[in-house]
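Welcome! Take a moment to look over the sequence and the model, and then let us walk through some of the contacts that can be picked out in it.

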Amino acid sequence: MSAATPATWVEIDLAALEHNLGVVTRLAGERKVIGAIKANGYGCGAVGIARALEHAGVHGLWTGNVEEAVAARQAGVTTKIIMFGGPLPEQFDHLVGHDLIPTVYDRAGVTAAAEVASRRGRVVPVYLKVDCGLRRLGVQLAEARALARAIDVEPGLHLEGIYTHLPFGDEDGRNWAHRESAAFTELLDALTLEGIRPEITQIWGSSGLLSGLPDSTNAVCVGQLLYGLTPLPEAVASSARFAPVIAGLKARMIHIGNHPVGPEGSSNPYMFGRAERTGVIALGTAEGMRGPAAGRQMHVLVRGRRAPIIGTSLEHVVVDLDGIDDAVLGDEVVLIGHSGAQTVSLQDWAAWFGCSPLEVAVTLLGRIAKRYKGAQD
């Protein structure tokens, strides 16, 4: 292992990403597909994912993180990058300077975008986000027509798109989203009568697309499905056609220790288990690692055998090597993936942590070095 080789890494399967984009594209039909790369590409690396999606022909990319969007531009990504709400109005000049398209949802955003257009002497495209019931971010539905008009009359602005967000995770949520989407369709119809016709209109993300909700818009913005994740239980909509993009989480054993058996109950803030022979890998709470939920036992794979995790700290995980006598320094440790006949999955980690696979991806995997398989030059 060279000095530049990370001791812990995530393996990302770009062939699976391209496969999933193909499935999404077929489900979308005539609608354009915009790929979400937010949250560091759902833990898979925003820049690497952006490059792969651009190569695969995605219509555009969507994220709320300015630094990741700029990094994608600096890495040579030229496709359309739309910013979710998040950047402050004073950041709009920075966005436009990197050919990033801002979202607006209030008068302050419209004014700031118009000032950037005037200062730069160019027309600035913007997207308008409408809150149709999620109550998180966006102009209120009752005020959306007036704000769309305000954008439309600004000579330096071009209302390129208008969108809303109605995510859900169960059948009741599906019914709610279906009801709320009707108001957004009515808004679009009203704007059309006023001669305001954005090129991009969008309601649905992964949940709406997967469950086949009716759609009068011309685009979908998909995140989870592209990464082989699903927001819905199989009883609501099957995600069997999608392949996991996260192919592995692996590490090298950086230390093996032999310890005398101490007295029961001895205090150790980093350990929640005991072993005479232990191994250490470079992964800790600084990367999002945590202890297990009550009653759960986490493990990794070493030489095809299960090794319980018995301790965590800021930068290290300690595993129980009792019974794995042939383990040596530098051995590969599999946290997600296969070793021999044994397998550990992202879903296993979600069960151990007591959260969703999506949360594991963005909180644990997002801060670890990536290795891409099937990358295009």
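This is a predicted model: local features need pLDDT of at least 70, side-chain atom pairs count only at pLDDT 80 or more; totals for chains, interfaces and linings use all residues.

Side chains of opposite charge can pair when their charged atoms come close.

**Salt bridges and their surroundings**

- How many salt bridges are there? The count comes to 11.
- In the pair described above, E194 is partly exposed, with a relative accessible area of 32%, and R145 is partly exposed too, at 35%.
- E11 forms a salt bridge with K250, and their closest N and O atoms are 3.4 Å apart. Here E11 lies in strand β1 (residues 8-13) and K250 in strand β12 (residues 246-258), so the pair links parts of the chain that are 239 residues apart.
- Are the two partners buried or exposed? E11 has 15% relative accessibility, which is under the 20% cut-off, so E11 counts as buried. K250 is buried as well, because its value is 14%.

**A network of charges**

- D326 pairs with R303 in a salt bridge whose closest N and O atoms are 3.7 Å apart. D326 is in the loop between β16 (317-320) and β17 (332-339), and R303 is in the loop between β14 (299-302) and β15 (305-312), so this pair ties together parts 23 residues apart in sequence.
- Both partners count as partly exposed: D326 at 34% relative accessibility and R303 at 40%.
- Which residues belong to this network? Salt bridges that share partners join R303, R305, D326 and D331 into one network.

**Strand β17 and its partners**

- Strand β17 is mostly covered, with 6 of its 8 residues buried.
- β12 and β17 run antiparallel and are joined by 4 bridges; in this pairing, A251 stands opposite V333 of β17.
- β14 also pairs with β17 in the antiparallel sense, over 2 bridges, and V302 stands opposite V333.
- Strand β18 (residues 342-344) runs antiparallel to β17, and 3 bridges join them. S339 stands opposite Q342 in β18.
- β17 and β18 form a hairpin with 2 residues between them, and G340 in the turn has a positive phi of about 60°.
- As you trace a strand, remember that in a regular strand the side chains alternate between the two faces of the sheet.

Key
Residues are numbered from 1 along each chain as its sequence is written. Side-chain values use heavy atoms; hydrogens and water are left out. A salt bridge is a side-chain nitrogen of Lys or Arg within 4 Å of a carboxyl oxygen of Asp or Glu. Buried means under 20% relative accessible area, exposed over 50%, partly exposed in between (1.4 Å probe, protein chains only). Two strands pair if DSSP finds at least two bridges between them.
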